[in-house]
Amino acid sequence: MIERRIFERKRFIVEQLLQYGFNKKENKYLYETDLMDGAFYAVIVISEEGHVEGKVVDAISEEEYAQLHMEDFNGAYVGQIRKEYEKLLREVADICCTNVLFVSNQANRLSKLILKKYDIYPDFPWRQSQYKDYGVFRHKDSEKWFAVIMNIKWDLLLKNKDEDKVDVINLKINAQDSELLMVTKGIYHGYHMNHRNWISVVLNDTLDDNEIMKLIENSFSLT
């Protein structure tokens with residue numbers, strides 16, 4: 001969805017939302033504004049958890065312009081409306097948000113814990129490719145990886161055709177521990193890595209931060 005793509009690595013600043021013109025109603029923030037010289041209006045709703053929903057409504061008929069979110073509709077007119085809507089969303093993102101390194105809250109928390117423990121920031125070596133947001137954590141002396149955080153489709157882990165995405169962290173393990181770890185919920189064979197020596201841990205709070213940090217510390221030692 002358009003909203004997810006624009007806001008997935010953003011976190012909202014409540015004060016900025018209110019200054020921009022959002023109104024708080026119950027546990028949500030609501031904003032409405034005209035689009036296309038008043039022929040349409042946009043409605044943006046943000047939950048307290050930061051989930052964004054949006055729609056464009058025909059000002060005369062009061063019907064939602066559903067083609068906005070239909071990827072198969074690519075005509076000139078829908079393209080113009082989509083462009084204006086995306087422009088609005090990007091303005092909200094620029095003014096009302098702060099940037100984060102990764103999509104999930106857990107990935108960002110772990111990044112801070114790694115920085116605190118090892119004084120190591122991630123680098124992003126594939127900036128010019130589709131993997132531009134994959135963050136690699138390296139030893140300072142050898143530059144060997146001990147962790148990499150990626151946002152990938154569930155299908156790549158489960159082979160179930162699920163197109164939804166999840167942050168994962170790849171970590172090195174002792175080969176003899178592989179079988180035991182594979183029965184732990186939230187741990188899978190390492191995506192795009194040797195399955196006996198690497199694991200992928202999903203960063204959706206299935207495992208808590210302390211458990212994952214122990215795996216990170218082990219990976220740091222092994223590498």
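Me: Is D205 buried, partly exposed or exposed?

Reply: This is a predicted model, in which local features need pLDDT of at least 70, side-chain atom pairs count only at pLDDT 80 or more, and totals for chains, interfaces and linings use all residues. Residues are numbered from 1 along each chain as its sequence is written, and side-chain values use heavy atoms, with hydrogens and water left out. Buried means under 20% relative accessible area, exposed over 50%, and partly exposed in between (1.4 Å probe, protein chains only). The relative accessible area of D205 is 48%, so D205 is partly exposed.

Me: Which residue forms a salt bridge with D205?

Reply: A salt bridge is a side-chain nitrogen of Lys or Arg within 4 Å of a carboxyl oxygen of Asp or Glu. For D205, the closest N and O atoms of the pair are 2.6 Å apart, and the partner is R109.

Me: How many residues apart in sequence are the parts tied together by R109 and D209?

Reply: The side chains of R109 and D209 meet in a salt bridge, at 2.7 Å from N to O. Helices are DSSP runs (H or I, at least four residues), numbered from the N terminus. R109 lies in helix α4 and D209 in helix α7, so the parts tied together are apart in sequence by 100 residues.

Me: Is E86 buried or exposed?

Reply: E86 forms a salt bridge with R90, the closest N and O atoms being 3.9 Å apart. R90 counts as partly exposed, at 39% relative accessibility. The relative accessibility of E86 is 18%, so E86 counts as buried.

Note on methods. Helix = DSSP H or I, 4+ residues; strand = E, 2+ residues; numbered from the N terminus.
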